Amino acid sequence: MTLDIVVLPGDGVGPEVTDEAVRVLDWFVAKRGVPLRMTRHLFGSASWTAQGTTMPDETWAAIMAADALLFGAVGSLDQKQIPAEERRKGSLLRMRKGLDVFANLRPVRAWPALAESSPFKARTVAGADLIFVRELTAGMYFGTPRGIETQADGTRRGVNTHTYTEAEIARVARFALGLARTRRNHLTSVDKANVMEAGALWREVVTAIHAAEFPDVTLEHMLADNCALQLGRAPTRFDVIVTDNLFGDLLSDCAGAINGSLGMLPSAALSAPDANGRRRALYEPIHGSAPDIAGKGIANPLGAILSAALLLRWTAQAPAEADRLEAAVEAALAGGARTADIALPGEPVLSTRAMADAVIAALDAAP
Ligand SMILES: NC(=O)c1ccc[n+]([C@@H]2O[C@H](COP(=O)([O-])OP(=O)(O)OC[C@H]3O[C@@H](n4cnc5c(N)ncnc54)[C@H](O)[C@@H]3O)[C@@H](O)[C@H]2O)c1
Ligand SMILES: CC(C)[C@H](C(=O)O)[C@@H](O)C(=O)O
Ligand SMILES: [Mg+2]
């Protein structure tokens, strides 16, 4: 069965890095027979300019029907000119919620070839291999009430609500505990149980599910502020980290420093499996539209390419092909391929396209 992959390049560096991820996936279709059909669709600022809507009906229908989305980035400097209602219609949050992709995997590896690109000492990051399971469809991003309201004295108040139900915590906890079993059997659950009610409930529910269903996994609890510190101080102590939507956003960017650039980090957002065992999925690099470097052809495409590896693993269910792609990225880096964000002073720098060429050359060269 051919898998339908909806490609949403988006804004800024989104199209630049997504083009390269698609080129790499085309290699797997042509050379390894992976059954993917990729179609590009317009949304966001580009579609606002072209069609006066951030989410054409045709794009939304394709998103809801797809086997997976391959997403670039959102965020353009002129977004404020788009009415709020239209911005919401074409937003990434609407897609995440609409697809119910609650489990957001954000793997972080210290690539040996990049040890010197890290702002941390090589001996601190060597061997780091961790994965976030960020809850993606609830919490502070979606809680109500929300909005900006005018108070009795005429001044305004911004409101967001941090809320989690037991069911929302339980499903992401089960996912993370199950994932830990396939790795080094260690889960760190991160919250602010000391100050937030939703955090206290988070800790209670994770503890109960662990005790009842996954007692073989080692579970530790950690406060979110301490986790931010430990990611820089001792990243090798982590295996799987489960946390809420807002902390997961912040802490995964903290972990981006392990390799020295956000451009290296991929992600997969997954729903619960349906009756046929298939999960809806949204793959994207964790970085944004990077307006400071957009349009120059210098963005690092490896976060997008490694997101394609996650697509091979989770949607195409081709783990050997995913391993092959990750090994090709490792070989390209070991061979000295560097975009500007990960190059040391004096090292030759590749364009976005040339970095993807180096990965494809490594794929061609592998046995
Ligand atoms: N998932 C997403 O689409 C997503 C994620 C984060 C931010 N955003 C949006 O992107 C816009 C810019 O936000 P920001 O600047 O805070 O975050 P950003 O992730 O776009 O950039 C942060 C820093 O990382 C660098 N960087 C990011 N991607 C890179 C790559 N592939 N190669 C090399 N360097 C890279 C940028 O140059 C910048 O210095 C905002 O509108 C924000 O809302 C979107
Ligand atoms: C663009 C933004 C909504 C998004 C988030 O905050 O979830 C981004 O920062 C991310 O990490 O995917
Ligand atoms: Mg983020």
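This is a predicted model: local features need pLDDT of at least 70, side-chain atom pairs count only at pLDDT 80 or more; totals for chains, interfaces and linings use all residues.
**Ligand shells**

Ligand 1 is surrounded by 21 residues, of which Gly75, Gly263, His287, Gly288 and Asn300 are the closest. The shell around ligand 2 consists of Val74, Leu92, Asp249, Ile286 and Gly288. The composition of the two shells by residue class is set out below.

| Shell | Nonpolar | Polar | Charged |
|---|---|---|---|
| Ligand 2 | 3 residues | 1 residue | 1 residue |

An open sheet is built from 10 strands with mixed pairing, and their order is 2-1-3-12-11-4-5-10-8-9. Strand 2 (36–40) and strand 9 (218–223) form the edges; each has a single partner strand, so one side of each is left without a neighbour in the sheet. On average, and with direction ignored, neighbouring strands of this sheet are turned by 20° against each other.

Within this order, strand 3 (residues 68–73) and strand 12 (residues 281–283) run parallel and are joined by 2 bridges. Leu69 has Leu282 of strand 12 as its bridge partner. Helix 9 (residues 224–233) packs on the sheet, where it touches strand 8 (186–191), strand 9 and strand 10 (240–243). The direction of helix 9 makes about 105° with that of strand 9.

**Helix 7 and helix 8**

Two packed helices are described by the angle between their axes and the distance between the axes. For helix 7 (residues 166–181) and helix 8 (residues 197–213), the axes come within 9 Å and cross at roughly 50°. Helix 7 is therefore oblique to helix 8, and the crossing is right-handed.

On the side of helix 7, the contact involves Glu166, Ile169, Ala170, Ala173, Arg174 and Leu177. These residues meet Leu201, Trp202, Val205, Val206, Ile209 and His210 in helix 8. By class, the residues of this contact comprise 9 nonpolar, 1 polar and 2 charged.

**Backbone features**

Thr144 and Pro145 are joined by a cis peptide bond, with omega at about 5°. Pro145 belongs to strand 6 (residues 143–150). A further backbone feature concerns Asn185, which is not a glycine and yet has a positive phi of about 65°. Asn185 lies in the loop between helix 7 and strand 8.

Methods: Residues are numbered from 1 along each chain as its sequence is written. Chains are lettered from A and ligands numbered from 1 in the order in which they are written. A residue is near a molecule or strand if its C-beta atom, placed from the backbone, lies within 6 Å of it. Two strands pair if DSSP finds at least two bridges between them. Helices (H or I, at least four residues) and strands (E, at least two) are DSSP runs, numbered from the N terminus. Axes are lines fitted to C-alpha atoms, for helices over the stretch in contact, and angles run from 0 to 180 degrees between N-to-C directions. Two residues are in contact if their C-beta atoms, placed from the backbone, lie within 7 Å. Angles under 35 degrees count as roughly parallel, over 145 as roughly antiparallel, 65 to 115 as roughly perpendicular and the rest as oblique. A crossing is left-handed if the near helix is turned anticlockwise from the far one by less than a right angle, and right-handed if clockwise. Ala, Val, Leu, Ile, Met, Phe, Trp, Tyr, Cys and Pro count as nonpolar, Asp, Glu, Lys and Arg as charged, and the others, Gly among them, as polar.
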